[in-house]
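Please look over the sequence and the structure shown below before reading on. The paragraphs that follow lead from one detail to the wider arrangement.

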There are 2 protein chains.
Amino acid sequence: MEETRTSPTIADVAHLAGVSHQTVSRVLNNHPSVSTKTHHKVSQAIASLGYRRNLAARTLATGTSRVIGVLVTRTHLSGPSAALLAIEQTARLGGYWVSMAGLQRNDPKEVTEVISHFIDQGVDGIIAVAQTETAVEATLQASGSMPTVLVTSGAVPPDRFSVDIDQGEGADQAMTILKGLRHSSIAHISGPHDDLHASVRAESWRRALPAGQDPNGLLIEGDWTSQSGYGAAMTLLANKTLPTAIFAGNDTMGFGVLRALHDRGIGVPGGISVVGFDDIAGADCSIPPLTTIHQDHHGLGQASMELLLEAIAGHEARSMKIPTQLIVRASTGVPA
Amino acid sequence: MEETRTSPTIADVAHLAGVSHQTVSRVLNNHPSVSTKTHHKVSQAIASLGYRRNLAARTLATGTSRVIGVLVTRTHLSGPSAALLAIEQTARLGGYWVSMAGLQRNDPKEVTEVISHFIDQGVDGIIAVAQTETAVEATLQASGSMPTVLVTSGAVPPDRFSVDIDQGEGADQAMTILKGLRHSSIAHISGPHDDLHASVRAESWRRALPAGQDPNGLLIEGDWTSQSGYGAAMTLLANKTLPTAIFAGNDTMGFGVLRALHDRGIGVPGGISVVGFDDIAGADCSIPPLTTIHQDHHGLGQASMELLLEAIAGHEARSMKIPTQLIVRASTGVPA
DNA sequence: TTGAATTATGTTAACGCTCACATATGGAGA
DNA sequence: TCTCCATATGTGAGCGTTAACATAATTCAA
């Protein structure tokens, strides 16, 4: 019958239960010193009014929000978005909620704007999934003294927390299996040069090249898309001497490589072996199934949150690397 | 030199600028009646103190937060996470920030918990990307009078806003091209039966079957993974009479189908044609490239936000469908 | 029975902002 | 010069919660 214009407050509950608002607050926060009788009365009143606590008021009063801000760059890629979802899941399990922003472009001003907003909003901490150096720097700059974890493979000052899946290890694993199969000429199709994952993977490739092999002409930059993988492979195949193996910077480009080889009538792995990176959905059913590097996004999410809690608690900064796992499928074999 | 224990408030700025707190508030909110001189003084003070507005206090005072809550179910799938990112991008462009939660399981209690939290947090509206009927119902229940948009293909009461990519149209497009090529026997590998997209696609498939064709034995339920697509295709190929085409419920399962056909030595599209759904990255480089249905996630994000703004403004509820687009590639052709 | 310790509850004042209203300026028109 | 209105600024209260302190009720040992 009654017009419920505005939602009930703690005072309404207190009134109905015949206690003070502070007692209601105590019930709400599970304070030990509340008699069971009072607890019952208050719970009753809460239920009958459909009372819901106002978190803005709580945040204002306590200075803490149980919310973390998560910034993700390059959201169109599967990796960053997988990281976001893993982080969110872990955060919620730990009683934290996530405020998020995804950036497609690589604009430091946008990074600053997002981080500033998180701070204004009163988040307890920030996790930034940064794919480029620009993004890392803008984050470091803007985050100030706010507890922050950088999920990046880029360089971070020793007094900052950072974590990432070990891109170098992953690329090493890819190169190790190829070298173990006695491949003498291993080409690499990398991601964009400004992408930190791309450059770490490419650097590992270069370092792991079989002794005496000249990297010139064996490295082509792609943009993570299957089309660019296809195009890069076609370019490699136009050379006089063909590589015996191609290490694609990610699985999607690997798909492009497989198709290029198919179109050119070159068998895999008989003619050329192919290795990808990421272990995306469907990589087990390409033709042939793609040998690749599996990334543990879930582990990354857990580690990020673990580090953030340390940062919030004021512990000393540290960095972590999440191990990768080589998945051997049919696209790799001994060269002819 | 000075110990900056707590961050500066509007009062500190007012003091330094020699004006009242209300004047600072006016500057902060671009109120017209502020002299340029005062504006300058205040801006100066804000900059020199490094003042940042406290949004919790603002939310408490105004009752509005410029934050929307986005709930996403089945986050391990590419569709829902693409929708989330598109929604977030559109929201931020419109001056809204996103609080999010992703659910992997299909537990109505979790849905309720998340929606309740959004409400407690003081969001201005909620967008729920719900893949199952359970999730839709829990959302309807929990959201109450909060402006809410359901991104779902499920049934929603007429007084609620909803939108989704038109799954029925997409499946129709897939069937239309196959029937246009004179396929007489079209099998379908669906997603999980409790998935609304899966069931709409399957229903369209059933309705569009060539006249007189018996659907029995032509429908197999998968779980969206390439492995399940592979297994389902193998089952279909074990039948006495083979279908002339296979409509896979999504591209990932389509990859499995392609590999199964390859393993059985059946040419595509010569022996059997294959159509997928989603147009995921890499679908253009499968062997052969996969004919599929493209989903406009960006358009979905824009539409969701558009509807949510209407809901917040108190407009009458309505529903929308985002059109799909048929992408014809090499995996479809006339049957032998 | 008494007094201290313990438990249960109430009172008041923040938290940092905006709203509604009150007041002070500065011209323009008479 | 005075009134009137628009522009510019200040004052006080309130948003809904928790923190800090004060008080009342209970328990327990001496």
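Which residues in H10(B) meet residues in H11(B)? This is a predicted model, and in it B:Ser226, B:Gln227, B:Ser228, B:Gly229, B:Tyr230, B:Ala233, B:Met234 and B:Leu237 in H10(B) are the ones that meet H11(B). On the side of H11(B), the residues are B:Thr252, B:Met253, B:Gly254, B:Phe255, B:Gly256, B:Val257, B:Arg259, B:Ala260 and B:Leu261. Sorted by class, this contact comprises nine nonpolar, seven polar and one charged residues.

Two packed helices are described by the angle between their axes and the distance between the axes. Helix H10 covers residues 226-237 of chain B and helix H11 covers residues 251-263 of chain B; their axes come within 7 Å and cross at roughly 45°. H10(B) and H11(B) are therefore oblique to each other, and their crossing is right-handed.

The next subject is the meeting of the two chains. In chain A, 41 residues are in contact with 41 residues of chain B. Several elements of chain A give two or more residues to the side that touches chain B: helices H4 (55-62), H5 (78-93), H6 (108-121), H10 (226-237) and H11 (251-263), together with strand S2 (97-103). The residues on this side of chain A divide into 16 nonpolar, 18 polar and seven charged. S2(A) is also joined to strand S2 (residues 97-103) of chain B by three bridges, and the two strands run antiparallel. There, A:Ser99 stands opposite B:Ser99 in S2(B).

Chain A also holds an open sheet of four strands, with the order S7-S6-S8-S9 and parallel pairing. Strand S7 (219-221) and strand S9 (273-275) of chain A stand at the edges with a single partner strand each, so one side of each has no neighbour in the sheet. From one strand to the next, the twist averages 15°. Strand S6 (residues 186-190) of chain A pairs with S7(A) in the parallel sense over three bridges, and A:His188 has A:Leu219 in S7(A) as its bridge partner. Helix H9 (residues 196-208) of chain A packs on the sheet, where it touches S6, S7 and strand S8 (245-248) of chain A, and its direction makes about 170° with that of S6(A). H11(A) lies across S6, S8 and S9 of chain A and runs at about 150° to S8(A).

Finally, the domain assignment of chain A gives domain 1 (10-53), domain 2 (65-165 + 297-321) and domain 3 (167-295). The C-alpha centres of domain 1 and domain 3 of chain A lie 63 Å apart.

Notes:
Residues are numbered from 1 along each chain as its sequence is written. Chains are lettered from A and ligands numbered from 1 in the order in which they are written. This is a predicted model: local features need pLDDT of at least 70, side-chain atom pairs count only at pLDDT 80 or more; totals for chains, interfaces and linings use all residues. Axes are lines fitted to C-alpha atoms, for helices over the stretch in contact, and angles run from 0 to 180 degrees between N-to-C directions. Angles under 35 degrees count as roughly parallel, over 145 as roughly antiparallel, 65 to 115 as roughly perpendicular and the rest as oblique. A crossing is left-handed if the near helix is turned anticlockwise from the far one by less than a right angle, and right-handed if clockwise. Two residues are in contact if their C-beta atoms, placed from the backbone, lie within 7 Å. Ala, Val, Leu, Ile, Met, Phe, Trp, Tyr, Cys and Pro count as nonpolar, Asp, Glu, Lys and Arg as charged, and the others, Gly among them, as polar. Domain bounds come from an automatic or database domain assignment. Two strands pair if DSSP finds at least two bridges between them.
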